[in-house]
Amino acid sequence: MEYSITQHDGFDQIVASGAADYDTMVAMITELISRPEWRPGSAILLDYRAFDAGPLKVGEISRLAELVSEHRSRIGPARLLFVVSRNLEFGLVRMWEAYVSGNWDGDAMIFKSREEALVSLKDSGG
């Protein structure tokens, strides 16, 4: 698994590719919220179109939700916009949402196109 984190006008972007790896996903989340430019409540576009979440186990998805809950105040009311190309990733994001529900202050949306996600960001002022 590889990823990059970049800051854009009004949002952070993570582009992930390759086969999912739990430890790398933990590092990705930790790196994002540790960046000097990170602000609680930021908008984040997660481009997972070239990402294969298949190797993740259910317990790992649950632990990723716990990690977000543990950093609740650092993450704040973040707005996550996931862009996926396959039903597998769509379903696993929904599973993660179920695990994190009530344990964070953010909001997550899933899109099948980057353009739709960008329109949503623009419409919300993010």
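**Overall layout**

Guide: The secondary structure of the protein chain comes to five helices and five strands. Helices (H or I, at least four residues) and strands (E, at least two) are DSSP runs, numbered from the N terminus. This is a predicted model, in which local features need pLDDT of at least 70 and side-chain atom pairs count only at pLDDT 80 or more, while totals for chains, interfaces and linings use all residues. Residues are numbered from 1 along each chain as its sequence is written, and side-chain values use heavy atoms, with hydrogens and water left out.

Visitor: In what order do the elements of the protein chain run from the N terminus on?

Guide: The order is β-β-α-β-α-α-β-α-β-α. The radius of gyration of the protein chain is 13 Å, close to the 14 Å that the globule rule gives for 126 residues, so the chain is as compact as a globular protein of that length. That radius is taken over C-alpha atoms, and the globule rule is 2.2 Å times the number of residues to the power 0.38.

Visitor: What does the C-alpha trace span along its principal axes?

Guide: About 35 × 30 × 25 Å. Buried residues make up 44% of the 126 residues. Buried means under 20% relative accessible area, exposed over 50%, and partly exposed in between (1.4 Å probe, protein chains only).

Visitor: Now the sheet. In what order do the strands come?

Guide: The five strands form an open sheet in the order S1-S2-S3-S4-S5, with mixed pairing. S1 and strand S5 (107–111) are the edge strands, each pairing on one side only. From one strand to the next the twist averages 15 degrees. Two strands pair if DSSP finds at least two bridges between them.

Visitor: In what sense do S4 and S5 pair?

Guide: Strand S4 (residues 79–83) and S5 pair in the parallel sense, over five bridges. Arg79 stands opposite Asp107 in S5.

Visitor: Which strands does H4 lie across?

Guide: Helix H4 (residues 87–100) lies across S3, S4 and S5, and runs at about 170 degrees to S5. Helix H5 (residues 114–123) packs on the sheet too, touching S2, S3, S4 and S5, and its direction makes about 165 degrees with that of S4. Axes are lines fitted to C-alpha atoms, for helices over the stretch in contact, and angles run from 0 to 180 degrees between N-to-C directions. Contact means heavy atoms within 4.5 Å.

Visitor: Stay on H5. Which of its residues are buried?

Guide: Ala117, Ser120 and Leu121. Seen down the axis of H5, these buried residues fall within an arc of 100 degrees, so they line one face of the helix. The arc is that of the directions from the helix axis to the C-beta atoms. The face turned away from the buried side carries the exposed residues Glu115, Lys122 and Asp123.

Visitor: And what is Ser120 in contact with?

Guide: Leaving aside neighbours within four places in sequence, Ser120 is in contact with Arg79, Leu81, Met109 and Phe111. Ser120 has a relative accessible area of 13%, and Leu121 is at 2%. The C-alpha atoms of Leu121 and Ala43 are separated by 7.8 Å, although the two are 78 residues apart along the chain.

Visitor: Switching to H1. Which residues are buried there?

Guide: In H1, Tyr22, Thr24, Met25, Met28, Ile29, Leu32 and Ile33 are buried. They cover an arc of only 165 degrees around the axis, which puts them on the same side of H1. Asp23 and Ser34 are exposed, on the face turned away from that buried side.

Visitor: What covers the buried residues of H1?

Guide: The cover includes strands S1 (2–8), S2 (11–19) and S3 (43–52), along with helices H2 (58–70) and H3 (72–75). For H2, the cover of the buried residues includes H1, H3 and H4. Those buried residues of H2 are Glu60, Ile61, Ser62, Leu64, Ala65, Leu67 and Val68.

Visitor: One last residue. Where does Gly76 lie?

Guide: Gly76 lies in the loop between H3 and S4. At 7% relative accessibility, Gly76 counts as buried. Not counting residues up to four places away in sequence, Gly76 touches Pro40, Gly41, Asp105 and Gly106.
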